[in-house]
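Here's a quick briefing for anyone meeting this structure for the first time. Have a look at it, then read on.

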Amino acid sequence: MAQDVTIFYFAALREQMGRERETVRLPEPSVTVEAFLTELRQNDATLDTVFAAAPRIRVAINQTLATFQDTVKPGDELAFFPPMTGG
């Protein structure tokens, strides 16, 4: 079974990242979003810069709002997006 996860970037993050999505291999079969993101940031200077500038980024796993302590597994879809405001 592949260890890949598809990552989507939405709104301003997509523009700053210069890409809408990417497929990335998980470092372990099950890892928290926070640990996964930490590893990604170490290997991608653009991602590190964008996420450092936007500390309140939200995450969804498989189209469900999640936290950075939730677990990512092979085949999951992650979506990162800035906080939404409404009125």
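What follows covers the fold, the surface and a group of aromatic rings.

This is a predicted model, where local features need pLDDT of at least 70, side-chain atom pairs count only at pLDDT 80 or more, and totals for chains, interfaces and linings use all residues. Residues are numbered from 1 along each chain as its sequence is written, and side-chain values use heavy atoms, leaving out hydrogens and water.

**Fold**
- You'll find three helices and seven strands in the protein chain, counted as DSSP runs (H or I, at least four residues, for helices; E, at least two, for strands) and numbered from the N terminus.
- Their order along the sequence is β-α-β-β-α-α-β-β-β-β.
- The C-alpha trace spans about 40 × 30 × 20 Å along its principal axes.

**Surface and burial**
- Of the 87 residues, 33% count as buried, meaning under 20% relative accessible area with a 1.4 Å probe, protein chains only.
- The accessible surface of the protein chain comes to about 5400 Å², and 49% of that belongs to carbon and sulfur atoms; the areas come from the Shrake-Rupley method with a 1.4 Å probe.

**Aromatic rings**
- Four aromatic pairs turn up in a search of the whole structure; rings of Phe, Tyr and Trp (its six-membered ring) pair if their centres lie within 6.5 Å.
- Tyr-9 and Phe-80 are stacked (planes under 30 degrees apart), because their ring centres are 6.4 Å apart and their planes at 20 degrees.
- Tyr-9 sits in strand S1 (residues 4-9) and Phe-80 in strand S7 (residues 77-81), so this pair ties together parts 71 residues apart in sequence.
- Tyr-9 is buried at 1% relative accessibility, and Phe-80 is buried with a relative accessible area of 1%.
- Tyr-9, Phe-51, Phe-68 and Phe-80 make up one aromatic cluster.

Notes. Buried < 20%, exposed > 50% of the residue type's maximum accessible area, 1.4 Å probe, protein only. Phe/Tyr/Trp six-rings, centres within 6.5 Å; stacked < 30°, edge-to-face > 60°.
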